[in-house]
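Work through the following exercises with the sequence and the structure at hand. Each task is followed by a solution in steps.

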Amino acid sequence: MIVVSGGGKMVLGSLEGEVPFKTELAEAFHKTKYKLDYSQDINAWLLSHIVLIIPVMSVIYLYDFNLAKASKDSARWKQAAAVMDEEFRVLSSRGLPVNPASLVNGAKKHPALLAQGLRWLQKLPFMKLIDGSFSEIAALYQAFEPLMQQARLSTPAWDDFKQQTMRKYSLEQA
């Protein structure tokens with residue numbers, strides 16, 4: 001049984017061919033306002049999503065998930081925007097598309113505006129619904145790292161964020 005109230009959208013896809021249970025999903029969601037969006041390249045969509053998640057969640061983590069405090073650190077959000085730009089450059093260097101492509105332009109051409117938007121994002125009510133642990137973000141860092149190494153690009157913002165967050169995480173795990 002699936003209960004969905006309100007609207008929304010879920011991006012779905014398969015790493016190997018078509019989603020084999022599309023019919024069942026369509027039936028489960030047909031009386032809802034919830035849209036199912038099938039991505040033809042779910043790998044690219046997931047990698048693009050990681051580009052946003054890693055820096056945003058790293059800042060929040062560095063402030064112990066205190067959104068009010070995190071939202072006040074404009075310098076850290078500028079660095080988060082720089083991390084996103086570096087991640088997008090890595091994807092581009094590996095020939096991987098970004099979805100949505102408009103994010104690349106925002107990170108490259110308007111980093112201050114992107115940083116401000118990320119700060120404001122922390123003040124939105126839905127951000128309080130984020131639940132998880134940094135172990136998930138640490139796993140995303142590890143998943144993205146091979147692409148970073150293959151790209152062989154200079155990524156000082158990424159390197160600094162990763163070092164700060166992973167050091168904190170290691171200390172907490174000890």
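The exercises below treat a helix pair, a residue and a pocket.

The model is predicted: local features need pLDDT of at least 70, side-chain atom pairs count only at pLDDT 80 or more, and totals for chains, interfaces and linings use all residues. Residues are numbered from 1 along each chain as its sequence is written, and side-chain values use heavy atoms, with hydrogens and water left out.

**Exercise 1.** Describe how helix H4 and helix H6 cross.

*Solution.* Step 1: the axes of H4 (residues 74-93) and H6 (residues 111-121) come within 8 Å and cross at roughly 115 degrees. Axes are lines fitted to C-alpha atoms, for helices over the stretch in contact, and angles run from 0 to 180 degrees between N-to-C directions. Step 2: H4 contributes Ser-74, Trp-77, Lys-78, Ala-80, Ala-81 and Met-84 to the contact (heavy atoms within 4.5 Å). From H6 come Pro-111, Leu-114, Ala-115, Leu-118 and Arg-119. Step 3: by class, eight of these residues are nonpolar, one is polar and two are charged.

**Exercise 2.** Is Thr-165 buried or exposed?

*Solution.* Step 1: locate Thr-165 in helix H8 (residues 156-173). Step 2: its relative accessible area is 0%, so Thr-165 is buried (under 20%, with a 1.4 Å probe and protein chains only). Step 3: leaving aside neighbours within four places in sequence, Thr-165 is in contact with Ser-58, Tyr-61, Leu-62, Phe-134 and Tyr-141.

**Exercise 3.** Which helix gives the largest share of the lining of the largest pocket?

*Solution.* Step 1: list the lining residues, among them His-49, Leu-52, Leu-118 and Phe-126. Step 2: H2 (42-62) and H6 each give two or more residues. Step 3: H2 gives the largest share, five residues.

Key: Helices (H or I, at least four residues) and strands (E, at least two) are DSSP runs, numbered from the N terminus. Ala, Val, Leu, Ile, Met, Phe, Trp, Tyr, Cys and Pro count as nonpolar, Asp, Glu, Lys and Arg as charged, and the others, Gly among them, as polar. Buried means under 20% relative accessible area, exposed over 50%, partly exposed in between (1.4 Å probe, protein chains only). On a 1 Å grid over the protein atoms alone, a cavity is a set of points where a 1.4 Å probe fits but cannot get out, and a pocket is an open set with protein on both sides within 12 Å along at least five of seven lines; lining residues have an atom within 4 Å of a point.
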